[in-house]
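User: I'm new to reading protein structures. Could we go through this one together with a few questions?
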Amino acid sequence: MQMTGDQILVQSLKDEGVDIMFGYPGGVLLGLYDALFNSGIKHVLPKHEQAAAHAADGYARSTGKVGVVLATSGPGATNLITGVATAFMDSVPLVVLTGQVSTHMIGGDAFQEADIIGITRPITKHSYLVTKTEDIARIVQEAFHIAGTGRPGPVLIDLPKDVLTGKAKYNRPKSVNIRGYKPKVEGHSGQIKRVLTEIKKAKKAVIYAGGGVILSGASAELLKFAEYNQIPVTNTLLGLGGFPADHPLFLGMLGMHGAYVANMTIHESDLILAIGARFDDRVTGNVAKFAPNARVVHIDIDPSAISKNIVVHVPVVGDVKGVLTELNRLQKKEEPVWGEIRQSWLDHVRRWSEERPFSYDKDTKQIKPQYVIERLSELAPKDAIITTEVGQNQMWTAQFYNFTKPRTLLSSGGLGTMGYGFPAAMGAQFANPDKLVVDIAGDGSIQMNIQELATIAQYNLPVKILILNNCFLGMVRQWQELFYGARYSSTCLASNPDFVRIAEAYGVKGIKVEDKKDVDAGLIEMINHDGPVLLEVMVDREEGVYPMVPAGAASSDMIFGPNKKDTKKLKVVK
Amino acid sequence: MKHTISITVENRFGVLSRVVGLFSGRGFNIDSLSVGETIDPEISRITIVTRGDDRIIEQVTKQLHKLVDVIKVIDLTDLNFVDRELILIKVSAAEKAKAEILRINEIFRGKIVDVSPASYTFEVTGDEEKIEAFLKLVKPFGVKDVSRTGKVAISREM
Ligand SMILES: Cc1ncc(C[n+]2csc(CCOP(=O)(O)OP(=O)(O)O)c2C)c(N)n1
């Protein structure tokens, strides 16, 4: 039976198990939208394509499934770019569908034409320009396979109008076979054994676990591995939730705004077991001074991540879950070797964490943003999904929220995209209708996709937005304070709108808290309200994120607060 | 150090730009590049000559491997391989120099592919050393134009 390309595409998506997609229509997609109507696939219409991409990303990160986003040719497609780049940097599986002008018009500067394959080449794992209707089914199948396997990432399919209107038989291959794409899943057994030898030799071992642990669903294996060996664990931002924050072996996040104990432990260690992490510069600080005495074991599915930034002594290329399972299996046969050496290292580590835990001034009149996050962490159910924007809000969330389950923190780590958190929360909420989903936002970031209030209102999606309003682009302000003599050039948000009224204008409940004693009540009202809520909390404008490793410094060179002598009083300039 | 990298790829639209984009996007330089079909028309071979220390070259090859349309990547540098380049070179030929130019060409076993009253165009193939030597010898006569293919390479059978 002959079908149109539009119908083939919809059928292909169904065969991939797609139940929801996020998209925005346009001229070349009219037929496709018609085929989607009554197709059984839920189509969500955000108010900006960037938000559609972040929503698909939030859906993917919270579920582990491939997210799907659709946009029309030209401006629709280019609006996706920040969302695609965000997903690429954090290895999020997405299939990105874009409309394209008809094949005979491509390259002729046709109306609403953009070379989206060219534009997105550096930020996609792979991409396809479909030139024949009969290729659609195979390409869709391949795209899902590539997006979701190996090191996951976004795959783009560009669909010219005439390919979508053309006719062909639906012909989905039985299996995917791509000559050049065979990700190595199983770790080399010899290398795995070397890891065990390294552990036996080490006196000061530490596990540095990243987002790869969550991507491969290896949290339980990691826990077992760490407990068996009694090795302390630190997480990257994207790794948070991959190891329970309330576990005695947990050190907290490491890196630029990481815990003192985490950075010191890494610095003094003689063995780093890097698992699904990539030695990002926000983690290592100055690489030349990073962990000077450590041997490095690196377990990662992506061979190019190994020895990219620092020298690795024992590389294990493979899926983290499989490798950890194998390590745990091999270890079971032997007596654990901890005992006194391990214990004295753990005692040593514990002293660092007691010396300088994450903290803030608790006796102030103003509301400290850290306090709000601490309270939210206590009041919210353990399986609540937290998304963040970018800036201080993100770092305080990483420091003060206790993530105990994987896929409960969704945050833009690699690209650091302001405007990510709110639409990502939307996507996560669609995927998890019964969970509490909260976007912890800054007053700057929320305005980058604030139009999505219309979307959560339209679908009565119970997403909660918690704005920590400091009337500044706080993180940039902090750097200006520390390194530019407190000259607050273009970081004051004096023109902030009345967020509560904005929410209400869209039909979303708005709450404002200005007094410390009302924080709990505000949070509880937000959590309990059966529908979307925007909660604005007016927080201390001058608060900074500490500790901090200044750019270019060794990760053990941390500063613990601003030199108050040098800082001017903040003034809101009207 | 110079490396000659041989990349076997699917003969598909966009593959070359992906490979090249990978170099430019990371600030790696390409000294020369050549590309053409293999005996299997579905597969092309790209030969790239690039420079960098071991770490950079390792990154380059790993990143190339990651591309979905790349089937095989071999750094030929430490292996046994043969390489050739073809150049077309247009040399001014004053009447009294003609004999000398032709003699040099003969030694290098070049072909004359075009003649005009004032110039010869030669086709010369060979490895880098031979090409450079030829260029050096004809330079004094006045080289009007040169067009080079870039290196192609293939590994030797054991
Ligand atoms: C799209 C985008 N533009 C600019 C930046 C640079 N940037 C990083 S943090 C920040 C300030 C964020 O301010 P706000 O959202 O109010 O959060 P706060 O730091 O105050 O919590 C800026 C401008 C960015 N990360 N993303």
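User: At what angle do helix 3 and helix 5 of chain A pack, and what word describes how they lie to each other?

Analyst: Keep in mind that this is a predicted model. Two packed helices are described by the angle between their axes and the distance between the axes. Here helix 3 (residues 49-63) and helix 5 (residues 81-89) of chain A have axes 7 Å apart, at an angle of about 25 degrees. Angles under 35 degrees count as roughly parallel, so helix 3 and helix 5 of chain A are roughly parallel.

User: Which residues meet where helix 3 of chain A packs on helix 5 of chain A, and how many of them are polar?

Analyst: On the helix 3 side of chain A you'll find A:Gln50, A:Ala53, A:His54, A:Asp57 and A:Arg61. They meet A:Thr82, A:Gly83, A:Val84, A:Thr86 and A:Ala87 from helix 5 of chain A. Sorted by class, this contact has three nonpolar residues, two charged ones, and the polar ones number five.

User: Going past the end of helix 5, is A:Ser91 buried or exposed?

Analyst: A:Ser91 sits in the loop between helix 5 and strand 5 (94-100) of chain A. Its phi is near 55 degrees, a positive value in a residue other than glycine. The relative accessibility of A:Ser91 is 6%, and the cut-off for buried is under 20%. So A:Ser91 counts as buried.

User: Which side chain makes a polar contact with the side chain of A:His43?

Analyst: A:His43 is in strand 3 (residues 42-44) of chain A. Leaving out residues up to four places away in sequence, A:His43 touches A:Met21, A:Phe22, A:Gly23, A:Tyr24, A:Tyr33, A:Leu36 and A:Tyr459. The polar contact, at 2.7 Å, is with the side chain of A:Tyr33.

User: How far apart in space are A:Thr455 and A:Pro423?

Analyst: A:Thr455 lies in helix 19 (residues 453-458) of chain A, and at 0% relative accessibility it counts as buried. Not counting residues up to four places away, A:Thr455 touches A:Val44, A:Leu45, A:Pro46, A:Lys47 and A:Met426. A:Thr455 and A:Pro423 are 32 residues apart in sequence; in space, C-alpha to C-alpha, they are 9.3 Å apart.

User: Where in chain A is the pLDDT below 50?

Analyst: Across chain A the mean pLDDT is 95, and 97% of the residues reach 70 or more. One stretch has 12 contacts in the model beyond near neighbours in sequence, and its pLDDT is below 50. That stretch is residues 570-574 of chain A.

User: Now for chain B: how much of it is buried?

Analyst: Chain B has four helices and nine strands, in the order β-α-β-β-α-β-β-α-β-β-α-β-β from the N terminus. Its C-alpha atoms fill a box of roughly 55 × 35 × 35 Å along the principal axes. Of the 158 residues in chain B, the buried share is 41%.

Notes: Residues are numbered from 1 along each chain as its sequence is written. Chains are lettered from A and ligands numbered from 1 in the order in which they are written. This is a predicted model: local features need pLDDT of at least 70, side-chain atom pairs count only at pLDDT 80 or more; totals for chains, interfaces and linings use all residues. Side-chain values use heavy atoms; hydrogens and water are left out. Helices (H or I, at least four residues) and strands (E, at least two) are DSSP runs, numbered from the N terminus. A polar contact is a pair of N or O atoms within 3.5 Å; within protein, one must be able to donate a hydrogen and the other to accept it, and residues adjacent in sequence count only if both atoms are side-chain atoms. Contact means heavy atoms within 4.5 Å. Axes are lines fitted to C-alpha atoms, for helices over the stretch in contact, and angles run from 0 to 180 degrees between N-to-C directions. Angles under 35 degrees count as roughly parallel, over 145 as roughly antiparallel, 65 to 115 as roughly perpendicular and the rest as oblique. Ala, Val, Leu, Ile, Met, Phe, Trp, Tyr, Cys and Pro count as nonpolar, Asp, Glu, Lys and Arg as charged, and the others, Gly among them, as polar. Buried means under 20% relative accessible area, exposed over 50%, partly exposed in between (1.4 Å probe, protein chains only). pLDDT is the predictor's confidence in each residue, from 0 to 100.
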